[in-house]
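Keep the sequence and the 3D view open as you read.

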Amino acid sequence: MDKKKISLIIEATLFIAILCIITFVYYFTGEKTKTDELPSDVGIIAVNDSTFEEEVLNSEKIVVLEFSSNMCPPCLIMVPTMINIAKNNENVKVVTVNTSDKDTSETSKKYNIEATPTILIIKGGEIQKTFIGATSEKSIQNEIDGGINEN
């Protein structure tokens, strides 16, 4: 191999390594992923296939439903957002489905969940809005406010 190819390979490897480090630092350090409260402390309900219909579809409140996974860095970033939504909206039910659990596979299949986090806004058992990927609290709150004002 000539020197240009070797140099290009080294530069590409360094670039990828730097991107990996930046990604790691962004997802696993800093205030975005840290919270003093647990989701269950503020009333976020974890559901599975057997409790989904009762907690989500039959809810009288607007439901903010998050499909998340244990192995999903953006899902970790969403924890403080979901906690804030639960704390600041007494007329909204915040529910989470852990797609890593075996007892949630039917629900994940039913809603064709291919990426986490996926957040659904559900009103009267019907999906009103879908967000795929980490989503700002403001975007979710705007959708909630719109759903409440339609009552």
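Q: Which residues touch the most other members in the largest nonpolar core?

A: First, the ground rules. This is a predicted model: local features need pLDDT of at least 70, side-chain atom pairs count only at pLDDT 80 or more, and totals for chains, interfaces and linings use all residues. Residues are numbered from 1 along each chain as its sequence is written, and side-chain values use heavy atoms, with hydrogens and water left out.
A nonpolar core is a set of buried Ala, Val, Leu, Ile, Met, Phe, Trp, Tyr and Cys residues joined through side-chain atoms within 4.5 Å. Buried means under 20% relative accessible area; exposed is over 50%, partly exposed in between (1.4 Å probe, protein chains only). Here the largest core has 16 residues, and I44, V64, M82, V94, I119 and I140 touch the most other members.

Q: Which element gives the most to this core?

A: Helices (H or I, at least four residues) and strands (E, at least two) are DSSP runs, numbered from the N terminus. Helix α3 gives the most, with five residues.

Q: What does V94 touch?

A: Contact means heavy atoms within 4.5 Å. Leaving out residues up to four places away in sequence, V94 touches G43, I44, I45, V64, M82, I85 and A86.

Q: In what order do the strands lie in the sheet?

A: Two strands pair if DSSP finds at least two bridges between them. Five strands form an open sheet, ordered β1-β3-β2-β4-β5, with mixed pairing. At the edges are β1 (45–46) and β5 (126–132), each pairing on one side only. Strands β2 and β4 pair in the antiparallel sense over five bridges. V63 stands opposite I122 in β4.

Q: Is T118 buried or exposed?

A: T118 is found in strand β4. It counts as buried because its relative accessibility is 5%. Its side chain reaches the backbone oxygen of A115 at 2.5 Å.

Q: Which cysteines form a disulfide?

A: A disulfide is a covalent bond between the sulfur atoms of two cysteines. The cut-off used is a pair of cysteine sulfur atoms within 2.5 Å. A search of the whole structure finds one. C72 and C75 form this disulfide, with their sulfur atoms 2.4 Å apart. The link of C72 and C75 is right-handed, with 80° about the S-S bond. Both C72 and C75 are buried.

Conventions
A polar contact is a pair of N or O atoms within 3.5 Å; within protein, one must be able to donate a hydrogen and the other to accept it, and residues adjacent in sequence count only if both atoms are side-chain atoms.
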